[in-house]
Amino acid sequence: MTRRKPIEISSSERIVMDIIIKYPEGLSFQEIVTLLQEEGKIWHASTIATFLKRLEKKEYLFHTKKLKQKYRYFSKLSERDYYIMNNLKEEKQRIAKNIKDFSNAFDHQQFTFTELEEILEYVGKLQECINKRES
């Protein structure tokens with residue numbers, strides 16, 4: 001099974017998702033507005049509605065409506081998956097910098113056989129983590 005590349009969300013959409021992800025039971029529109037206001041975000045209702053529509057389109061959340069009840073918004077992602085998706089870009093940049101630094105050190109350093117074995121062992125563990133994430 002292939003995984004889709006996560007669609008990036010704006011910083012404002014992230015603020016909204018940061019609230020919704022904390023409530024697996026879902027939130028009404030008014031509850032979202034209230035929680036945003038408590039965090040100092042005083043946005044017009046139409047602005048918040050736009051963020052919610054965009055997040056639905058990007059498949060971060062969905063909403064339901066039962067008879068005579070208001071819409072409730074739910075995250076499509078677990079809190080863990082949401083965290084991974086939203087920190088992926090920063091994590092890739094951090095890893096790339098570490099790899100570049102390691103590569104520079106590798107080019108200018110003589111490693112002992114033991115150190116090379118430790119490096120290979122670590123790379124093997126990284127490969128196991130990658131294989132687990134892909135399955």
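A residue is called buried at under 20% relative accessible area, exposed at over 50%, and partly exposed in between, with a 1.4 Å probe and protein chains only. The structure described here is a predicted model, in which local features need a pLDDT of at least 70 and side-chain atom pairs count only at pLDDT 80 or more, while totals for chains, interfaces and linings use all residues. Residues are numbered from 1 along each chain as its sequence is written, and side-chain values use heavy atoms, with hydrogens and water left out.

The chain averages a pLDDT (the predictor's confidence in each residue, from 0 to 100) of 81, and 84% of the residues score at least 70.

Three aromatic pairs are found in the structure. The rings of tryptophan 43 and phenylalanine 51, with centres 5.1 Å apart and planes at 70°, form an edge-to-face pair; rings of Phe, Tyr and Trp (its six-membered ring) pair if their centres lie within 6.5 Å, and planes under 30 degrees apart count as stacked, over 60 as edge-to-face and the rest as tilted. Tryptophan 43 is partly exposed, at a relative accessible area of 23%, whereas phenylalanine 51 is buried, at 9%.

Phenylalanine 62 and phenylalanine 74 have ring centres 5.3 Å apart and planes at 15°, so this pair is stacked. The pair links distant parts of the chain, 12 residues apart, with phenylalanine 62 in strand S2 (residues 61–64) and phenylalanine 74 in strand S3 (residues 72–75), strands being DSSP runs (E, at least two residues) numbered from the N terminus. Phenylalanine 62 is partly exposed, at 33% relative accessible area, and phenylalanine 74 is buried, at 17%.

Note on methods:
Helices (H or I, at least four residues) and strands (E, at least two) are DSSP runs, numbered from the N terminus.
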